[in-house]
Amino acid sequence: MFVLYETPAGYAIFKLMDEKKVQEVDNLYLEFQTPEKANKLLKLKHFEKFNDTTEALAAATAAVEGKVSKPLKKTLKKLLNDEVQESLLVADAKLGNAIKEKFSVQCVYNTGVQELMRCIRQQADSLLGGLPKKEMTAMALGLAHSLSRYKLKFSPDKIDTMIVQAQCLLDDLDKELNNYMMRAREWYGWHFPELGKIITDNIAFVKTIKLVGTRENMATSDLSDILPEDVEEKVKEAAEISMGTEISEEDIMNIQCLCDEILSINDYRSHLYDYLKTRMMAMAPNLTVLVGETVGARLIAHAGSLINLAKHPSSTVQILGAEKALFRALKTKKDTPKYGLIFHAQLVGQASLKNKGKMSRSLAAKASLATRVDAFGEEASFELGATHKVKLEARLRLLEEGNLRKLSGTGKAKAKFEKYQSKSEVFTYEPEADSTLPAKKRKHSESAAEASTPVKSAKFEDEEEDVEAAEEAIEEPKSEKKKKKKKNKNKDQEAPEPTEVETPTPSKKKKSKKDKQQSDD
């Protein structure tokens, strides 16, 4: 069994004398405590030295990528001619697979091999006797510097920095252009204030000032290349009746110099935007198709690099750029923001206000997938981004127009229920329900009218029953009082009855006396 050991000076192949020691991982370091013990367990079979630093760098980069370099091929050919049946212990699984495919040799890589490589590294000076320690250190330092420069030169993160710097410069140029334009409008507004309201386009405004100068030259100058005909007529009419102050030739020269600066910055900005567009299509085509060049570049700039953006989940991509609002919402226990930089994407801008949150969530999910394909995929194509954009546009139409498609199963039953059952009934206030007086008998017409009214909900029926029960409870003591009053009235009526009976008696007696007198006469 052989061991392949990589050094900054070259490749070393050792022959393992006792294979059982490798299986004892916990006690393997005991065999390498002294150089004598290490030389008993391992013997140097062959050492392939690098000719120069360039060859060492090529071998190191090939080992990192899991490929077999030329010096390693030479070494393995010599080894395989002598010992065909032996297996090879390697420190890298990718390199072992490459050697196995190339030379059909059994390569071993496990925890025991890793521990063996650590032990060899401790006693490398004694095992590699032909190389002095100072020379090995110098070779290691030179290879480390060369490898670092190589990685920095061909790093994909280095290309990302170009996008980040271009986008930051674009933002700075926009701010400077706005400041310069505001200054030019305010400066020339003292001389011709009506021009700022007529010409709203900044570049057309600046070109007009540069071509014309003072407002007295408006009538004789031709502005057809800059302005439409109707706007040109308005400008010339306003120049004749302008209320602005007079300025000198020196003042107008300084204003025209400012206009030259604005136009040059605008030209450079358009050139830089074209550069950013081509760079984004080369680096992140799928993300560019989905969200656009500017939004994609801002997302990459905010994350730091394309790989960092690919590591973020879609929920983070959705609110990237709105961190301040997010933490403020979490602190005050309010609703968190629904979108950040992705708000400026075309698909989110097309959605209505109520659907912007849904579209930003869907777009962030697709954008995170597209970013991972751009960052870790081997083929640079925008097919994935184009297909996802078509799906998102279809979803946007569905959200905006409403779900007009046919439903099936439970969805159809739910839609039918919502169509007929979710209508809220309107109830009018009835002041009779507040009355505590005993209820009167209703007429037949009122009962018929009530029968024609719609049936109230169960909640209002329960409330009416409670009210009726309360009224009955109030009526009961009142009815008892009425009964007592009736009894008292009956007693009062019964009491004067004997007087009524007694009163007619004297009249009868008088009548009887008269009858007697008449009979005597």
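These legends describe close-up views of one predicted model.

**Figure 1**
The chain has 521 residues, and 31% of them count as buried. Look at contacts between residues at least 6 apart in sequence: 66% of these join residues at least 24 apart.

**Figure 1. Helix H11 meets helix H13.**
Two packed helices are described by the angle between their axes and the distance between the axes. H11 spans residues 202–212, and H13 spans residues 249–283. Their axes come within 9 Å and cross at roughly 140°. An angle over 145 degrees would count as roughly antiparallel. H11 and H13 are therefore oblique to each other. The crossing of H11 with H13 is left-handed. From H11, the contact uses Ile203, Val206, Lys207, Ile209 and Lys210. From H13 come Ile255, Gln256, Cys259, Asp260, Ile262, Leu263 and Asn266. Sorted by class, the residues of this H11–H13 contact are seven nonpolar, two polar and three charged.

**Figure 2. Leu263, a residue of helix H13.**
Is Leu263 buried or exposed? Leu263 has a relative accessible area of 16%, so it is buried; the cut-off for buried is under 20%. Set aside its neighbours within four places in sequence. Leu263 is then in contact with Ile203, Val206, Lys207 and Lys210. Take Val206, one of these partners. Leu263 and Val206 are 57 residues apart in sequence. Their C-alpha atoms are 7.7 Å apart in space.

**Figure 3. Helix H13 meets helix H15.**
The axes of H13 and H15 come within 10 Å. They cross at roughly 75°. That makes H13 roughly perpendicular to H15. Tyr273, Leu276, Lys277 and Met280 are the H13 residues in this contact. They meet Glu293, Thr294, Gly296, Ala297 and Ile300 of H15. The contact of H13 with H15 has five nonpolar, two polar and two charged residues.

H15 covers residues 293–303. Which of its residues are buried? They are Glu293, Val295, Gly296, Ala297, Leu299, Ile300 and Ala303. An α-helix has 3.6 residues a turn, so residues three or four places apart point the same way.

**Figure 4. Gln167, a residue of helix H9.**
H9 runs over residues 156–189. Gln167 is buried, with a relative accessible area of 2%. What does Gln167 touch, not counting residues up to four places away in sequence? The partners are Leu276, Thr294, Ala297 and Arg298. Leu276 belongs to H13, while Thr294 and Ala297 belong to H15.

**Figure 5. Helix H20 packs against helix H21.**
H20 holds residues 356–376, and H21 holds residues 383–401. Their axes are 10 Å apart, at an angle of about 175°. H20 and H21 are therefore roughly antiparallel to each other. H20 contributes Lys358, Met359, Ser362, Leu363, Lys366, Leu369, Ala370 and Val373 to the contact. H21 contributes Leu384, His388, Leu392, Arg395, Leu396 and Leu399. The residues of the H20–H21 contact divide into nine nonpolar, two polar and three charged.

**Figure 6. Two aromatic pairs.**
A pair of aromatic rings is described by the distance of the centres and the angle of the planes. The count of aromatic pairs comes to four. Among them is Tyr11 with Phe50: the ring centres are 5.6 Å apart and the planes are at 80°, so the pair is edge-to-face. This pair links distant parts of the chain, 39 residues apart. Tyr11 lies in strand S2, and Phe50 lies in the loop between strand S3 and helix H3. Both Tyr11 and Phe50 are buried. Another pair is Tyr339 with Phe343: the centres are 4.9 Å apart and the planes are at 35°, so this pair is tilted. Tyr339 is partly exposed, with a relative accessible area of 26%. Phe343 is partly exposed too, at 31%.

**Figure 7. Lys333 and its positive phi.**
Most residues other than glycine have a negative phi. The phi of Lys333 is near 60°, a positive value. Lys333 is found in the loop between helix H18 and helix H19. Its relative accessibility is 78%, so Lys333 counts as exposed.

Terms used:
Residues numbered from 1 in each chain as written. Predicted model: local features only at pLDDT ≥ 70, side-chain atom pairs only at ≥ 80, totals over all residues. Heavy atoms only, no water. Axes fitted to C-alpha atoms, helices over the stretch in contact; angles between N-to-C directions. Helix = DSSP H or I, 4+ residues; strand = E, 2+ residues; numbered from the N terminus. Parallel < 35°, antiparallel > 145°, perpendicular 65-115°, else oblique. Left-handed = near helix turned anticlockwise from the far one by under 90°. Contact = heavy atoms within 4.5 Å. Nonpolar A, V, L, I, M, F, W, Y, C, P; charged D, E, K, R; others polar. Phe/Tyr/Trp six-rings, centres within 6.5 Å; stacked < 30°, edge-to-face > 60°. Buried < 20%, exposed > 50% of the residue type's maximum accessible area, 1.4 Å probe, protein only.
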